[in-house]
Amino acid sequence: MSHPLTRFCTHSLLAAAALAAMASPLVHAQATPSASAAPTDERYVWDLTPLFATPAAWEAERQAVLAELPKMQALKGSVVKGDAAALLTALQAQSALRLRLSRLGVYASTQQSTDNRNAQFQERGNLVRAVFGQASSAGAWLAPEIQSLGAAKVEAMSAAEPKLAPHAVNLRQTLRQARHTLSADTEAALGALSPVSRAAVQARTLLMTTDIRWPSVTIDGKPQEVNPTSYGPLRAHPDRAVREQVFKAFYGQLGQFESSLGSLLSSRMQAGTIEAKLRQHKNAISANLSTHQIPEAVVRTLVAQANAGLPVLHRYFKLRQRMLGLPDLHYYDIYPDLVTLDKRFSPEESARLTTEATQVLGPDYQRHLKAGLSARSMHVFPAPGKSSGAYKTSVYRVTPYIFLNHHNTFNSASTYAHEWGHGVHSMLADEAQPEETARYSLFTAEVAAITNEVLLSEMMRAKAQTREEKLFYLGHSLEEMRGTFFRQTMFAEFELAAHDALERGEALGGKKLTALYCSLLRKYHGADQGVMQIDPAYCTEWAYIPHFFNPFYVYQYATSMTASAYIGQELRKGQPGLRDKYLGVLRAGGALPPYELLRDAGVDLASPAPYQALLARMTAIMDEMDRLLATR
């Protein structure tokens with residue numbers, strides 16, 4: 001996944017892109033590499049010198065940006081006079097400063113995520129967050145002044161000054177948000193407080209990666225620490241006794257911090273709820289959806305269709321139990337492969353497969369992918385203190401940076417393809433758009449990434465030579481849909497329930513969050529229908545999910561899985577015109593509302609049809625697996 005293109009607050013446009021670069025809810029947790037891997041080999045460690053040659057150069061630029069902020073503040077009062085040249089000057093200053101902030105932020109955040117224990121990296125992250133807050137405050141006057149002019153006046157100014165054209169989208173967005181914009185002084189105060197409102201994110205990261213002492217378990221006679229990085233692959237261990245041991249150790253330790261992590265998450269959610277009320281939104285989710293003009297019907301339809309499709313999910317769980325030969329099914333039985341595939345996927349093999357799978361996207365896509373792969377832009381293997389998961393982060397027209405925890409498994413190869421889907425998306429949008437409209441919503445970002453995963457899975461299924469290989473890749477496809485559609489929708493329901501409780505004035509601590517999560521865990525996994533047993537200790541899983549610290553983020557994985565399942569299948573079938581429509585979505589960046597982009601490409605995520613098609617695909621895959629199993 002990308003560093004979240006989180007809720008870009010139009011009231012603090014100056015720091016929006018840079019703030020997004022600093023947040024990092026991560027997915028696809030991987031284990032430590034094999035003993036033969038070399039995490040310090042420069043082939044697998046990114047080169048940040050295209051951003052800054054040295055830490056000293058970064059510090060010099062930080063100081064230079066701080067010196068620039070009074071100049072931005074000095075422009076206050078110039079736009080409200082209605083002069084097109086003054087508006088252009090202010091917007092150009094904003095764009096230039098935003099790009100510099102983005103460069104500062106990406107450098108700091110990429111370094112910290114490779115070693116959260118490093119005090120200098122931590123300090124650099126804190127310093128840049130402070131700069132973002134000051135920058136947001138310095139430019140907070142601009143949106144209210146633009147809004148005071150009104151749409152007619154802004155359109156007239158744009159007609160009089162052609163150089164305002166790159167700013168047209170942001171101007172319309174700013175005008176659209178007028179009723180949710182506060183006074184210039186209040187906006188400045190909120191901007192200055194933004195680092196404080198996000199402090200819970202950093203506190204949670206440090207708690208999980210540096211402060212909690214994670215337990216060890218003995219596997220094959222050797223001690224293995226069960227931490228947020230190693231937990232992901234360990235929960236997929238083929239030995240059921242090991243999986244149970246891993247779950248008990250991990251959640252036993254995590255449960256000791258239920259109150260602290262609950263307080264951090266509650267404060268993060270409260271910050272968004274309070275800001276939504278201040279800005280006169282109906283609720284926090286309305287505020288989030290409003291930013292990217294996503295109809296609330298998208299989220300409501302997603303949740304309704306996922307719930308209607310729970311029998312399909314439960315059929316998958318029963319198939320899993322049958323294929324693993326288990327007498328019953330527990331929560332720790334979800335992750336092991338249904339079929340063992342004795343094959344390793346090195347980073348080089350992952351690159352080759354990603355390139356081959358995306359051939360269907362055409363030569364221009366391949367040109368960008370190969371350019372990215374040839375640069376030293378990846379941090380590949382796990383290391384002590386390194387954050388779990390994977391992400392893409394980037395600065396406008398700089399080769400994107402890809403953060404991985406590669407473990408030479410097919411899941412690692414799939415993650416590799418996923419992150420380069422984000423990478424090429426950014427490269428295509430940067431090439432086609434000015435900086436002002438190159439940034440895109442997560443709503444389309446995850447479509448670009450998950451489509452690559454679908455293309456890879458479909459290719460591997462088509463190339464499978466044996467029944468066991470076919471079953472492996474079919475099972476992987478089912479698990480992708482289970483994890484990305486159903487699991488992320490469950491997360492979205494959890495967020496909705498938690499925010500609803502806050503908005504009703506209820507206290508929201510760790511125990512309440514655990515109770516809310518447990519009810520959903522039981523529903524989605526068929527506990528009351530006898531499909532799966534849910535141990536109450538595992539109901540603290542919400543504390544393991546970093547995505548919740550970027551509220552109303554995860555539902556877009558589920559909508560993206562839905563769109564990608566359709567797009568990926570139809571691309572491989574050669575549906576006329578679809579490739580051009582799809583690449584048009586990627587090249588558009590943020591030039592058009594993301595829901596409209598996908599709708600016009602043939603996927604209306606506010607209607608039941610795409611979700612029903614995904615459920616039908618799951619059913620068809622299980623039918624095929626049943627046929628293959630019957631021939632054993």
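Student: Why is N227 called buried in this predicted model?

Tutor: Set the value against the cut-off. Buried means under 20% relative accessible area. N227 has 16% relative accessibility, so N227 counts as buried.

Student: Where is N227, and what does N227 touch?

Tutor: N227 sits in the loop between β2 (222–225) and α10 (231–234). Not counting residues up to four places away in sequence, N227 touches W214 and F250.

Student: What makes the pair N227 and S230 a polar contact?

Tutor: The cut-off is 3.5 Å between N or O atoms. The backbone nitrogen of S230 lies 2.8 Å from a polar atom of the N227 side chain. That value is within 3.5 Å, so the pair qualifies.

Student: Where is S216, and which residues does S216 contact?

Tutor: S216 belongs to strand β1 (residues 216–219). Leaving aside neighbours within four places in sequence, S216 is in contact with Q224, E225 and V226.

Student: How far apart are S216 and V196?

Tutor: They are 20 residues apart in sequence. In space, C-alpha to C-alpha, they are 35 Å apart.

Student: How do you know that β1 and β2 pair?

Tutor: Pairing needs at least two bridges. β1 and β2 have 4 bridges, so they count as paired, in the antiparallel sense. T218 stands opposite P223 in β2.

Student: Why is D220 called exposed?

Tutor: Exposed means over 50%. D220 has a relative accessible area of 71%, so D220 is exposed.

Student: Is F552 buried or exposed, and how do you know?

Tutor: The relative accessibility of F552 is 5%. That is under 20%, so F552 counts as buried.

Student: What makes C518 and C539 a disulfide?

Tutor: The sulfur atoms must be within 2.5 Å. Here they are 2.1 Å apart, so the pair passes. The structure holds 1 disulfide.

Student: What does this pair tie together?

Tutor: C518 lies in helix α22 (residues 510–524), and C539 in the loop between α22 and α23 (555–573), so the pair ties together parts that are 21 residues apart in sequence. Both C518 and C539 are buried.

Student: What is the strand order in the open sheet, and why are β3 and β4 at its edges?

Tutor: The order of the 3 strands is β3-β5-β4, with mixed pairing. β3 (378–379) and β4 (391–393) each have a single partner strand, so one side of each has no neighbour in the sheet.

Student: How do you know that β4 and β5 pair?

Tutor: The test is at least two bridges. β4 and β5 (residues 401–403) have 3 bridges, so they pair, in the antiparallel sense. K392 stands opposite I402 in β5.

Student: Which helix lies across β3, β4 and β5?

Tutor: Helix α3 (residues 84–114) does, running at about 155° to β4.

Student: Which members of the largest nonpolar core touch the most other members?

Tutor: Y331 and F485 do, in a core of 150 residues. Helix α21 (residues 467–503) gives the most to this core, with 16 residues. A second, separate core of 39 residues includes V65, L69, V106 and I146.

Student: Which residues of helix α24 are buried?

Tutor: In α24 (residues 578–588) they are L578, Y582, L583, V585, L586 and A588. They pack against several helices, including α17 (363–374) and α18 (410–432). Just after α24, G589 takes a positive phi of about 55°.

Technical notes: Residues numbered from 1 in each chain as written. Predicted model: local features only at pLDDT ≥ 70, side-chain atom pairs only at ≥ 80, totals over all residues. Heavy atoms only, no water. Helix = DSSP H or I, 4+ residues; strand = E, 2+ residues; numbered from the N terminus. Contact = heavy atoms within 4.5 Å. Axes fitted to C-alpha atoms, helices over the stretch in contact; angles between N-to-C directions. Buried < 20%, exposed > 50% of the residue type's maximum accessible area, 1.4 Å probe, protein only. Polar contact = N/O pair within 3.5 Å; in protein donor to acceptor, adjacent residues only side chain to side chain. Core = buried A, V, L, I, M, F, W, Y, C linked by side-chain atoms within 4.5 Å.
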